[in-house]
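Hello,

Here is the structure I promised to pass on. Please open it next to this email and follow along.

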Amino acid sequence: MSEFPAKVRTQTSTPAGAHGPAGGSFPVLRSLGLDLGFLRSFLGLLMIAELVLGLLVWALIASTFYQPIPAYGWVMFVAIFFWLVTIILFAMYLLQLQMKLYMIPWPVVLVIFNTAATVLYVTAFITCSAAVQDHIRLPGDYNKRAAASFFACIVMIAYGASTFFSFQEWKGFGSNAATSQVTN
């Protein structure tokens, strides 16, 4: 037994990619705390789709002469408000800031946000579709407003899917006790 400490050798190692980019990893991005796995997750992809399509909705309407039609004020409010809040939530999840604000129940926040976005985008889609008129002053406005109505429908569906998946994540459907444990 006296030989035991002399025969044991230990060796320390560093994680892969700690000395430089290896296998496509970027240590600079890791040092920023970016969660690149979030970009590949279903919720991350849905948020990217919501951002792109929401931008299309309000940019298409903003490029028309919409001020005389009050319905487009509501559509613009819904589109810009949820686009900005989605940018904030996307940045928070990408930078893993929700881990630092652990006292906030983020799964519940996402369910409430996505539900509100879905419901209000339903109203914006209906309003936008009903306000599209064939007799408009400027020739390109009809097509832009019709396209905005189409993209509002697609964004509404994307937020509906986000509501479904964030609800599943909140309730823990599809996981078991071993995979849903938090390790600190």
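Leaving out residues up to four places away in sequence, phenylalanine 82 touches Phe113, Ala116, Ala117, Leu120, Tyr121 and Tyr159. Contact here means heavy atoms within 4.5 Å.

A word on the source. This is a predicted model, where local features need pLDDT of at least 70 and side-chain atom pairs count only at pLDDT 80 or more, while totals for chains, interfaces and linings use all residues. Residues are numbered from 1 along each chain as its sequence is written, and side-chain values use heavy atoms, with hydrogens and water left out.

Back to Phe82. Phe82 is among the residues with the most contacts inside the largest nonpolar core, together with Val57, Ile61, Tyr72, Tyr121 and Tyr159. That core has 36 residues. Two or more of them come from each of α4, α5 (70-94), α7 (106-131) and α8 (141-171). Helix α5 gives the largest share, 12 residues. A nonpolar core is a set of buried Ala, Val, Leu, Ile, Met, Phe, Trp, Tyr and Cys residues joined through side-chain atoms within 4.5 Å. Buried means under 20% relative accessible area, exposed means over 50%, and partly exposed lies in between (1.4 Å probe, protein chains only).

**The whole chain**

How many helices and strands does the protein chain have? There are eight helices and zero strands. Both are DSSP runs numbered from the N terminus: helices are H or I with at least four residues, strands are E with at least two. Of the 184 residues in the protein chain, 30% are buried. Take the contacts between residues at least 6 apart in sequence: 74% of them join residues at least 24 apart. The accessible surface comes to about 11700 Å², and 70% of it belongs to carbon and sulfur atoms. Accessible areas come from the Shrake-Rupley method with a 1.4 Å probe; for residues, only the protein chains shown count as cover.

Is threonine 118 buried or exposed? Thr118 counts as buried because its relative accessibility is 17%. Thr118 sits in helix α7. A polar atom of the Thr118 side chain lies 3.1 Å from the backbone oxygen of tyrosine 159. Setting aside neighbours within four places in sequence, Thr118 is in contact with Met156, Tyr159, Gly160 and Thr163.

Threonine 64 is in the loop between α4 and α5. Thr64 is also buried, at 6% relative accessibility. Its side chain reaches the backbone oxygen of isoleucine 61 at 2.7 Å. Not counting residues up to four places away in sequence, Thr64 touches Asp141, Lys144 and Arg145.

**Partly exposed spots**

Leucine 45 lies in helix α4 (residues 42-62). Leu45 is partly exposed, at 45% relative accessible area. With Ile48, Val52 and Leu56, Leu45 makes a nonpolar surface patch of about 300 Å². Residues in such a patch have over 30% relative accessible area and no salt bridge, and their nonpolar side chains (Val, Leu, Ile, Met, Phe, Trp, Tyr) are joined within 5 Å; like charges are joined within 9 Å. A salt bridge is a side-chain nitrogen of Lys or Arg within 4 Å of a carboxyl oxygen of Asp or Glu.

Phenylalanine 164 is in helix α8. Phe164 is partly exposed, at 46%. Phe164 and valine 111 are 53 residues apart in sequence, yet 8.1 Å apart in space, C-alpha to C-alpha.

Glutamine 96 is in the loop between α5 and α6 (97-100). Its phi is near 60°, a positive value in a residue other than glycine.

Best wishes

Conventions: Polar contact = N/O pair within 3.5 Å; in protein donor to acceptor, adjacent residues only side chain to side chain.
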